[in-house]
Amino acid sequence: MHEPNSIDAPQLEQAARRLLEGGLVAFPTETVFGLGADAENPAAVARIYAAKQRPAGHPLIVHVAPGADLSWWADSVPPAARALADAFWPGPLTLILPRAARIPPAVSGGHATIGVRCPSHPVAQALLTRFAALKPGGQGGVAAPSANKFGQVSPTHAEHVRSEFPELGPSELLILDGEPATVGIESTIVDVSDPSGHVAILRPGHIGPEQIAAVLGVMPGWGGKASPQVSGSLKAHYAPRTPLYLVAAEQLESVLDDFMDGHDGDVPRRVAALVFQAPSQPHEGVDYHPAERDAHDYARHLYATLRRLDNQGYDALVIESPPDAPEWHAVRDRLRRAAAAFEG
Ligand code: TXA
Ligand code: MG
């Protein structure tokens with residue numbers, strides 16, 4: 001029987017050694033699965049870019065064990081970075097810092113900054129701790145983007161990872177399993193690299209601006225001019241294969257009407273609608289799926305839901321827009337980018 005909370009020690013050792021040898025290891029985190037390689041080994045990092053089919057200029061996040069020395073990675077660690085790390089690590093927060101000159105630029109896609117995050121998932125922590133212990137000097141980090149092909153839906157289960165990389169056998173990609181993600185969407189990215197001290201959120205996530213402001217005493221900005229291509233900030237991203245439409249509650253009926261009526265082919269359309277409340281008069285041909293009403297629950301299951309619906313052969317996925325409220329910000333961001341892939 002698979003015990004989700006137990007860590008398979010021999011497998012963990014094998015995974016840490018695989019990383020040390022320059023190989024790829026996928027591992028669970030509290031956000032999404034990462035596709036990991038030794039952050040300081042450019043050949044290993046190149047394997048990540050190749051496997052993901054990710055454009056070379058897109059920087060990766062370095063994952064570190066609890067208690068790791070940030071100055072190993074960053075040539076300066078501003079007070080705001082220390083404060084945020086103290087408050088939110090281990091957890092779903094990535095800090096963008098000025099990259100230490102010693103760290104090979106490949107991990108940052110050649111940029112002068114570096115993204116660092118200490119995840120809270122027990123399997124991720126065990127892997128990172130063991131890997132660092134094997135490295136000379138006891139410091140090491142694992143570069144890991146989400147373990148999906150570029151632009152696709154992020155994985156929150158080991159089977160998702162396996163299905164993303166069918167071309168990689170077990171000797172090319174070791175996949176660790178573990179307890180399910182508690183957050184389910186990618187970490188909040190905060191840029192603390194600006195010498196002026198200006199702090200900006202580059203990607204919204206579970207940790208919101210209010211929580212960051214509570215630590216820093218000042219509201220973070222958004223975007224940040226210095227930020228290089230952030231793939232999660234591309235307009236179209238996180239997309240399933242089935243066309244996905246994000247529709248306001250008031251427009252749901254008419255959009256479904258148009259979608260079902262405007263079709264004159266012989267084969268009836270099949271549409272999945274992810275809605276907060278099923279209508280009293282359901283449309284024929286529409287399968288209504290209940291959406292989680294709590295923003296964190298919605299986020300936790302979002303990617304598994306998208307993948308499940310994507311695999312059911314629907315002609316379209318129609319998703320009711322979540323409320324325009326702060327706690328829904330990160331989910332709305334992911335849904336908008338998923339829908340953008342199908343806009344005119
Ligand atoms: O929750 C997460 O962050 C997950 C798990 C695996 O930790 N990782 C993740 O990685 O979402 P990825 O590569 O899918 O997205 C990382 C984002 C990208 O948009 C990338 O451009 C941005 O982080 N990023 C990484 N380093 C950066 C840097 N130096 N400057 C600006 N953006 C950076
Ligand atoms: Mg990603």
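Predicted model: local features only at pLDDT ≥ 70, side-chain atom pairs only at ≥ 80, totals over all residues.
Student: Hi! Which residues are buried in H7?

Tutor: Leu252, Leu256, Phe259 and Met260 are buried there. They span an arc of only 90° around the axis, so they sit on the same side of H7.

Student: And what does the face turned away from the buried side carry?

Tutor: That face of H7 has the exposed residues Asp258 and Asp261. For Asp258, the relative accessible area is 56%.

Student: Which residues gather in the patch of negative charge on the surface?

Tutor: Glu253, Asp257, Asp258 and Asp261 make up that patch.

Student: Switching to salt bridges, how many are there?

Tutor: The count is 14. One of them pairs glutamate 13 with arginine 17, with the closest N and O atoms 2.8 Å apart.

Student: Where do glutamate 13 and arginine 17 sit relative to each other?

Tutor: Both are in helix H1 (residues 9–20), four residues apart, so about one helical turn separates them.

Student: What about glutamate 40, which residue does it form a salt bridge with?

Tutor: Its partner is arginine 102, and the closest N and O atoms are 3.9 Å apart. Glutamate 40 is in the loop between strand S2 (34–38) and helix H2 (42–52), while arginine 102 is in the loop between strand S4 (93–98) and S5, so the pair ties together parts that are 62 residues apart in sequence.

Student: Is glutamate 40 buried or exposed?

Tutor: Glutamate 40 counts as buried, at 18% relative accessibility, whereas arginine 102 is partly exposed at 47%.

How values were computed
Residues numbered from 1 in each chain as written. Chains lettered and ligands numbered in written order. Heavy atoms only, no water. Patch = residues over 30% accessible without salt bridge, like charges linked within 9 Å, V, L, I, M, F, W, Y side chains within 5 Å. Areas by Shrake-Rupley, 256 points an atom, 1.4 Å probe, with all protein chains shown as cover. Salt bridge = Lys/Arg side-chain N within 4 Å of Asp/Glu carboxyl O. Lys, Arg positive; Asp, Glu negative; His and termini not counted. Charge placed at Lys NZ, Arg CZ, Asp CG, Glu CD. Buried < 20%, exposed > 50% of the residue type's maximum accessible area, 1.4 Å probe, protein only. Helix = DSSP H or I, 4+ residues; strand = E, 2+ residues; numbered from the N terminus. Arc of directions from axis to C-beta.
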